[in-house]
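Trainee: Could you take a close look at the charged side chains in this model for me, and at whatever surrounds them? I would like the pairs one by one, with the geometry spelled out.

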Amino acid sequence: MKIRVNRIIKKTKAEGPGVRYCIWFQGCSRHCKGCWARETWSFEAGKEYDVDEIIEDILSTKGIEGVTFLGGEPFEQTEALEIIASKVQHAGMSVVCFTGFRLEEIKTQNCLKYIDLLIDGEFRDNEKDYSRPWVGSKNQRYHFFTERYNENILKSKNKIEVRVQKNGLILFNGMGDFKKLKQKIDMIVKH
Ligand code: SF4
C-alpha cells in the first residue's frame with residue numbers, strides 16, 4: 001500500500017497534545033477559499049512512500065506521544081490512513097487527525113475507529129480565530145472518540161514552530177497568524 005505525502009516532521013509540539021510525529025497528506029480536492037496549504041492540493045506532487053516504511057519509522061521514533069495526520073486531506077487516502085492509524089493505536093500511541101470534511105460527511109469511514117481525536121472542518125479565512133489550540137477558525141470542531149483525551153487538553157495554547165533548513169529555507173508549522181510572523185521575519189532578515 002502506498003501513501004502520497006507532502007511532508008513529515010518526526011517530532012513537533014505544535015500539532016496536537018504532547019510531542020508528535022506528523023504526516024501531511026498530499027492531495028486535497030476540496031480547494032477551499034482561503035486555504036493556506038495550496039501546495040498540498042495536487043495528487044501528483046509530494047512523495048510516495050510505502051505505508052510499511054512509514055509505520056516502521058513511527059515505531060522507531062523515541063519520545064513521541066502519538067501521530068497527527070494533516071493535509072492536504074487525510075480522508076482522500078483512507079486505506080493508508082486506516083492502516084497507519086490502527087498500527088499506531090495498537091502500539092499504545094495516540095492518533096489525532098485533521099480533516100476538511102465535517103464529521104457528518106465521513107461518519108461511515110472505518111478508519112474513524114482508530115482515531116482518538118478528530119478535528120474537523122476546513123480553515124475559513126472569514127472565521128479566523130487563533131484562540132483555540134491547533135485550529136485557525138471558529139467552524140473547526142474537536143471530536144473525542146476515545147477516553148485518551150478530553151476537553152482538558154484544550155487549555156493548551158496555539159504554537160508556531162519555525163525550522164531553518166541547511167539550504168536556508170524557512171519552514172513553519174503549527175497554527176497562528178503566519179502572515180504576521182512572516183512580516184516580522186522579513187523585517188529581521190532585511191536589517
Ligand atoms: S480541506 Fe484543508 S487543505 Fe483542503 S483545501 Fe480546504 S483548507 Fe485546504
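**Charged pairs and their surroundings**

Mentor: Happy to! Let's begin with Asp 125 and Lys 128, which form a salt bridge whose closest N and O atoms are 3.6 Å apart. Please keep in mind that this is a predicted model. That pair counts as a salt bridge because the cut-off for the nitrogen and the carboxyl oxygen is 4 Å, and 3.6 Å lies within it. As for solvent, Asp 125 is partly exposed, with a relative accessible area of 39%. Lys 128 also has a relative accessible area of 39% and is likewise partly exposed.

How many salt bridges are there? With the rule of 4 Å between nitrogen and oxygen, the count comes to nine. In general, side chains of opposite charge can pair when their charged atoms come close.

Arg 141 has a relative accessible area of 22%, so it is classed as partly exposed. Glu 104 is partly exposed too, at 47%.

The other partner is Asp 120, with its closest N and O atoms 2.5 Å from those of Arg 141. Here again distant parts of the chain are linked: Arg 141 comes from strand β7 and Asp 120 from strand β6 (residues 117–120), 21 residues apart. Is Asp 120 buried or exposed? Its relative accessible area is 0%, so Asp 120 is buried.

A pair of aromatic rings is described by the distance of the centres and the angle of the planes. How many aromatic pairs does a search of the whole structure find? The search finds two. In one, Phe 25 and Phe 69 have ring centres 5.8 Å apart and planes at 80°, so the pair is edge-to-face. Phe 25 belongs to strand β2 (residues 20–25) and Phe 69 to strand β4 (residues 66–70), so this pair links parts of the chain 44 residues apart. Both of these phenylalanines are buried. In the other pair, the rings of Trp 134 and Tyr 142 have centres 6.5 Å apart and planes at 75°, so this one is edge-to-face as well. Trp 134 is buried at 5% relative accessibility, and Tyr 142 is buried at 14%.

What about the cysteines? A search of the whole structure finds zero disulfides. Cys 111 is in none, and the nearest cysteine sulfur, that of Cys 97, is 7.1 Å away. Cys 111 has a relative accessible area of 1%, so it is buried. Cys 32 is buried too, at 18%.

Let's finish at a nonpolar stretch of surface, as a contrast to the charges. Val 162, Val 164 and Ile 170 form a nonpolar patch with about 240 Å² of accessible area together. Val 162 lies in strand β8 (residues 160–164), and with a relative accessible area of 40% it is partly exposed. Strand β8 also holds Ile 160, which counts as partly exposed at 29% relative accessibility. Ile 160 and Ser 42 are 118 residues apart along the chain, and their C-alpha atoms are separated by 25 Å.

Terms used: Residues numbered from 1 in each chain as written. Predicted model: local features only at pLDDT ≥ 70, side-chain atom pairs only at ≥ 80, totals over all residues. Heavy atoms only, no water. Patch = residues over 30% accessible without salt bridge, like charges linked within 9 Å, V, L, I, M, F, W, Y side chains within 5 Å. Areas by Shrake-Rupley, 256 points an atom, 1.4 Å probe, with all protein chains shown as cover. Salt bridge = Lys/Arg side-chain N within 4 Å of Asp/Glu carboxyl O. Helix = DSSP H or I, 4+ residues; strand = E, 2+ residues; numbered from the N terminus. Buried < 20%, exposed > 50% of the residue type's maximum accessible area, 1.4 Å probe, protein only. Disulfide = S-S within 2.5 Å. Phe/Tyr/Trp six-rings, centres within 6.5 Å; stacked < 30°, edge-to-face > 60°.
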